[in-house]
Every structure is written in C-alpha cells, then in structure tokens.
Amino acid sequence: MIGRLKTLARSASSALKRARGFRLQNFAGELFCNCYYRVAFGRSGSLASSWGERVAAWERRQCRGDIPLAPEVWETQYRQGLWRCLSGLDELARYGVIAGYLRALKPSGAILDIGCGEGLLAGSAAGYSRYVGIDVSEAALARARQRYRERCSFSQADARAYVPGDRFDAVIFNEVLYYFDDPLAVVSRYERWLRADGVIIASLYQHSRRAAAIAKRLKARYRSLATVEIRAGAKSWSVSVLAPESKPEA
C-alpha cells in the first residue's frame, strides 16, 4: 500500500512539474511574441525577419485564430459553412460603417475588395460604378456570384500576386490583413492601383496583438482620414480610412 502511494506521489509530482514547465514555456512564448509585435513587427532587416518567422511558427503551434492559413484551409472552411457567421446581425454594423465611408467619400466609385469572401460588402455598399472582389476560396466566390451580378465581378486570386489591370477609388481590406505573412507589403503593393485621390479602408478585429500592431504600422505609414471603433456584444473592430502620403511634385 505504501509503495503504491509513493508511486502515485511520484506521478503527481512529475505531472505538476510538467504543468509548471508548460506554463513557463507558454509565458515565455507570449512574452516573446508581445515584444516582437511591440518592437520589430513591420520593420526591415534580418533580425526582424528571423524574429517574425519564429513568432509565426509559435503562433501556428498555438493555433491562433488570426494568423496566415493555406488556401486549401480557407476552401475547406467555406465549403463547410464555417464563415456564415459573417452574415450575422452582430457583423452588420461593421459592414454598414465601411459602406457609409464609401458613399460619403467615393460615391459612384470603383471598389476593389481584397479577400471579399462571399461578397457581403457588395450587398451592403450601394451606388458604386464597379465592384471587384478577389479571394482564394472558390466556394466563397461561387456564393458571391449567385448573390450579386450587376456591376460586380469576382475572381479567385492570391492578393500577394493579383494584378487588377485598372485603377480604383477605394481598396478594401475587411478583416483580412492578419492572414498575410506580410500585411504591410500587401497594402503597399495596391497603392499603385489607387487613383490619385483614392483611399484604403481597413477593418481590423480588436483584442489581438497582431491586429493592434498592424493598425499601428498602417497609421504610421499612411495619412489617417478617419477611424471609428465598433462594438457588438463582446466583439469590437476598428475601421480606418487611410490615404498614401502625398508625393511632392517634380
């Protein structure tokens, strides 16, 4: 009996040490990531790049919800209907704010929606002359094409390589920037397809250090024309209207 109790005690002690080790490892990982997003995120150089790769690997192991995913994962999730939640009432205010900015700033404008999913923004916005949506999921785009036809087109494409072939009055990043390895580079590459007075509209879910870092770097890089915070129950977002810095005339 005593021997059995000793065995149980050793097992319990070992389990406690593993739990403590796991907590310490988790704490160290969280600290490592927090420092990266506060100090090195969005910066150039080999140190920042190496640090970012290690953070990305840790976040993948932790199955974080706002990190880059492979195209096949998106396709599976849309086929399974996992993103139908975006059409819920608690999401309506966010779409309404983006649509309101478009109506006020770019009435009858041409709109490019990066990571458009099932095209919900096309239904919320009104008055645009042309709406182009791209996404990596063909399942999402098929639903978008069924819903919206007039003045709308939807294409399967990787935003990191897509070439629009035309200029737009507004480029929208609606809850998509976290899912790129280098979100700032993705935003930057679309500047060339903005018209002279064009705007970038970015919606970011709050309560995420990755989202906070992206928002901070965007506001440091672009002129901030407007920002609003939206709350719906436990959810909250920030929607920002940004413009490239004016270039001096030659």
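I began with a definition: two strands pair if DSSP finds at least two bridges between them. Helices (H or I, at least four residues) and strands (E, at least two) are DSSP runs, numbered from the N terminus.

I noted that this is a predicted model, in which local features need pLDDT of at least 70, side-chain atom pairs count only at pLDDT 80 or more, and totals for chains, interfaces and linings use all residues. Residues are numbered from 1 along each chain as its sequence is written, and side-chain values use heavy atoms, with hydrogens and water left out.

**Entry 1: strand E7**

I looked up the partners of E7. Tyr-205 stands opposite Trp-237 in E7. Strand E5 (residues 194-205) pairs with E7 in the antiparallel sense over six bridges. Strand E6 (residues 223-232) also runs antiparallel to E7, and nine bridges join the two; here Thr-227 stands opposite Ser-240. The hairpin of E6 and E7 has two residues between the strands, and Gly-233 takes a positive phi near 65° in it.

I then asked why E7 is largely enclosed by the rest of the structure. Eight of the nine residues of E7 (residues 235-243) are buried, so the strand is largely enclosed. Buried means under 20% relative accessible area, exposed over 50%, and partly exposed in between (1.4 Å probe, protein chains only).

**Entry 2: the whole protein**

I recorded eight helices and seven strands. Of the 250 residues, 42% are buried. The protein exposes about 13800 Å², and carbon and sulfur atoms supply 55% of it; accessible areas come from the Shrake-Rupley method with a 1.4 Å probe, and for residues only the protein chains shown count as cover.

**Entry 3: the cores and helix H8**

I took a nonpolar core to be a set of buried Ala, Val, Leu, Ile, Met, Phe, Trp, Tyr and Cys residues joined through side-chain atoms within 4.5 Å. The largest one has 45 residues, and Phe-173 and Tyr-190 are among those with the most contacts inside it. Helix H8 (residues 209-221) gives the most to this core, with five residues. Apart from it lies another core of 26 residues, among them Ala-232 and Trp-237.

I checked the length of H8. The expected span of a helix is 1.5 Å times one less than its number of residues. For the 13 residues of H8 this gives 18 Å, and its end C-alpha atoms are 18 Å apart, which agrees. The buried residues of H8 include Arg-210, Ile-214 and Leu-218.

I also looked at the N-terminal end of H8. Ser-208 caps it, with a side-chain oxygen 3.3 Å from the backbone nitrogen of Arg-210.

I asked where Arg-94 is found. Arg-94 is in helix H4 (residues 89-105) and is buried, with a relative accessible area of 1%. Leaving aside neighbours within four places in sequence, the residues in contact with Arg-94 (contact means heavy atoms within 4.5 Å) include Asn-174, Glu-175 and Trp-237.

I next turned to Glu-118, which lies in the loop between strand E1 (110-114) and helix H5 (120-124). Glu-118 counts as buried at 6% relative accessibility. A polar contact of 3.0 Å joins the side chains of Glu-118 and Arg-143. A polar contact is a pair of N or O atoms within 3.5 Å; within protein, one must be able to donate a hydrogen and the other to accept it, and residues adjacent in sequence count only if both atoms are side-chain atoms.
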